[in-house]
Amino acid sequence: MNEGQIVLENVTKNFGGSVAVEPINFEIKAGEFLAIMGSSGCGKTTTLRMLAGLETPSSGEIRLNGERMNELKAHERETPLVWQTLALFPFLNVIENVEFGLKMRGVEKPERTERALKWLKRMEIEQFANRSIDQLSGGQRQRVALARALVTEPPVLLLDEPLSALDANLVVRMQSVLTRLQKELGITFVYVTHSQSEAFAMADRVVIMSAGVIEQIGSPREIYRSPASRFVAEFVGTNNIISGNIKEIKGNTMICNTAFGTIESKQEDRNTRHQKGNDVELVISADMIELSQEHTFSENEIQLQFVAEEFTGSVVTLYFEDANKNELIVQKQQREIEPLELTYGCQIFAHWNPINVFCLPDVKTE
Amino acid sequence: MIFSNWLRRIDGYALTWRLPVIIWQVLFFLAPLVFMIAMSFFLVKNYQMKEAFEFVNWVKIFSKGYFWSSYGLSFGLAFLATITATCIAFPASYCLAFKLSETARRWAIFFLIIPFFTSYLVRTFSWYVLLAESGVINNIIGYLGIGPIKMLNTMFGTMIGYLTLTLPLVIILQTLSMASIDKNLIEASHNLGAGRVRAIFSVIIPSARIGLIIGALFCFILSFGDFVSPYYLGGSNPPTLPILIIDTTKSGQQWPRAAVIATIMMVTLMLVALSAIKIAYKKR
């Protein structure tokens, strides 16, 4: 059997009466950068803590390299964790913090110091070796935490929102540090985050969790371009979710009646599962909608009124309404919309390619 | 000129609020202390104290062998009580801090405060019932064919008294300091390969260091100056320094010599407290 390095099989976790994690199943391949993403309370941190042995699964099995590890205590595992708070020991200096794991494994002092120094050098903080933790900046502490976790050369590194306390530009820098480190070491990273940008920027695969259930597993691109459920579509990116009813299916083209009129969807595999007359939810990503001042006479075109905008750096989120006050969200680069000369209340035409319209698999049949 | 500058800098509002405390401290702490030190240089003639400035009392006390053996005994007993209390309190505090729920911990601390509601003297005397030659404990072990064991009027008795006085306080201080340790640090040590025992020594003790040392310091201060336990449970023989002070004042009105002993005790406690605080708050 050729299974992944880490396997979770029907793993659940209850705290008292409340369920934190419903039965979940997934595999993590050796050398993979996997992100577990979800909003707070979705069970992502609990899942990570079960991998570290800090929580015991209520049922199910966790295997590492084919061996059951449910019963292994935290200190018997080789799954170091980087905490959200970093959890550096304030009573130890930088190098003593890094040496901690080696000391617990009975490595002699000279070797310990040598290996710890090697990691401090690698993280470019060797000049702070004898500093105390409270003399370091946020980014430097981050590096100490990474060095401390990696010094024992583990097969897996677990990270629990380690960048959430850093400011924005430092986050981007640490992201590249982390991805480069993961590529160089070739070990598995399991990274828990609520931030879509962190997960998508770094991970090979992303697991999306909500209320203790896995909503979707896939590459960032798959998840971004074809969300598997309404939850994912709302959670990831900015999507327009439009309810409709199937009017006609011709091959891989599906025509639906919606509040915006008929909308066409062209999808290779997904649309064949649906039947005429079904209620469906169509997803149009906000950045896949084109705008123009003039009629383009394309088939998928609607006339809208400009009602609001949200400016966040180079990307602008624009809010439009049709004559019946149905809202459509469009995301554009600032320089793209400048020629349109938008003013509040002005009329504009929006159109899109039907291959970028897809319907969610969870069909409302009843 | 300088004085008027200084006057102008005084904040009348702050001074008004602080004045009562300052007056209280000066009247009831500083003044008696100065008087005690001054008294240690006085002379006693015909059972009457005479104001003087002579070193004769200091020389007398320092040259007496019984003073030094008392000093050694007091220091040793207080030190032993400190070590014992710290070691007995630690497992109890560990359980209170980590094994109990928040509510249960609050109740436990409440129960630890209850002993302070009754007089220490009463609590000491209640040990009589248990420890006496015909007391409860000797009766019970008598049925088993052991004893009777002499527990009253021994150092064991003194130690029981010291612990009665100090143990609840030490447990409270240790529990509070351990309960406030960041749980992530303990988990991090497990995560990095430390079992339960190693986590205690490598994370919990260093993290709770201030509370542990302050608890021990209180134990030492209370035991070193305690008169009741060594007198009633320890049988006052050999005498500790507080008993020596009583004896000195009773025999021939030697208040100045008692003042010498008291001053030496104050200095000793001051040095112990300062070095304990220095160790507790030592920057790494």
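**Note on the predicted two-chain model**

1. The C-alpha centres of domain 1 and domain 2 of chain A are 39 Å apart. The model is predicted, and the domain assignment of chain A places domain 1 at 6-230 and domain 2 at 238-359.

2. Chain A contains an open sheet of four strands, ordered E2-E1-E4-E5, with antiparallel pairing. Its edges are strand E2 (18-28) and strand E5 (67-68) of chain A, each of which pairs on one side only.

3. Within that sheet, E1(A) pairs with E2(A) through seven bridges, in the antiparallel sense. One residue pair can be named here: A:Asn14 has A:Val19 in E2(A) as its bridge partner. The hairpin of E1(A) and E2(A) has two residues between the strands, and A:Gly16 in this hairpin adopts a positive phi near 60°.

4. Strand E1 (residues 6-15) of chain A also runs antiparallel to strand E4 (residues 59-64) of chain A, and five bridges join the two.

5. Next, the contact between the chains. How many residues does each chain bring to the contact? Chain A brings 17 residues and chain B brings 15 residues. On the side of chain B that touches chain A, helix H9 (183-191) and helix H10 (196-207) of chain B each supply at least two residues. H9(B) gives the most to that side, namely six residues. Sorted by class, the side of chain B that touches chain A consists of six nonpolar, six polar and three charged residues.

6. Helix H4 (residues 65-98) and helix H8 (residues 155-179) of chain B pack with their axes 7 Å apart, at an angle of about 40°. H4(B) is therefore oblique to H8(B), since angles under 35 degrees count as roughly parallel and those of 65 to 115 as roughly perpendicular. The crossing of H4(B) and H8(B) is right-handed. As for composition, the contact of H4(B) with H8(B) has 20 nonpolar and seven polar residues, and no charged residues.

7. In chain B, the place is the packing of H4(B) and H8(B), with axes 7 Å apart.

Key
Residues are numbered from 1 along each chain as its sequence is written. Chains are lettered from A and ligands numbered from 1 in the order in which they are written. This is a predicted model: local features need pLDDT of at least 70, side-chain atom pairs count only at pLDDT 80 or more; totals for chains, interfaces and linings use all residues. Two strands pair if DSSP finds at least two bridges between them. Two residues are in contact if their C-beta atoms, placed from the backbone, lie within 7 Å. Ala, Val, Leu, Ile, Met, Phe, Trp, Tyr, Cys and Pro count as nonpolar, Asp, Glu, Lys and Arg as charged, and the others, Gly among them, as polar. Domain bounds come from an automatic or database domain assignment. Axes are lines fitted to C-alpha atoms, for helices over the stretch in contact, and angles run from 0 to 180 degrees between N-to-C directions. Angles under 35 degrees count as roughly parallel, over 145 as roughly antiparallel, 65 to 115 as roughly perpendicular and the rest as oblique. A crossing is left-handed if the near helix is turned anticlockwise from the far one by less than a right angle, and right-handed if clockwise.
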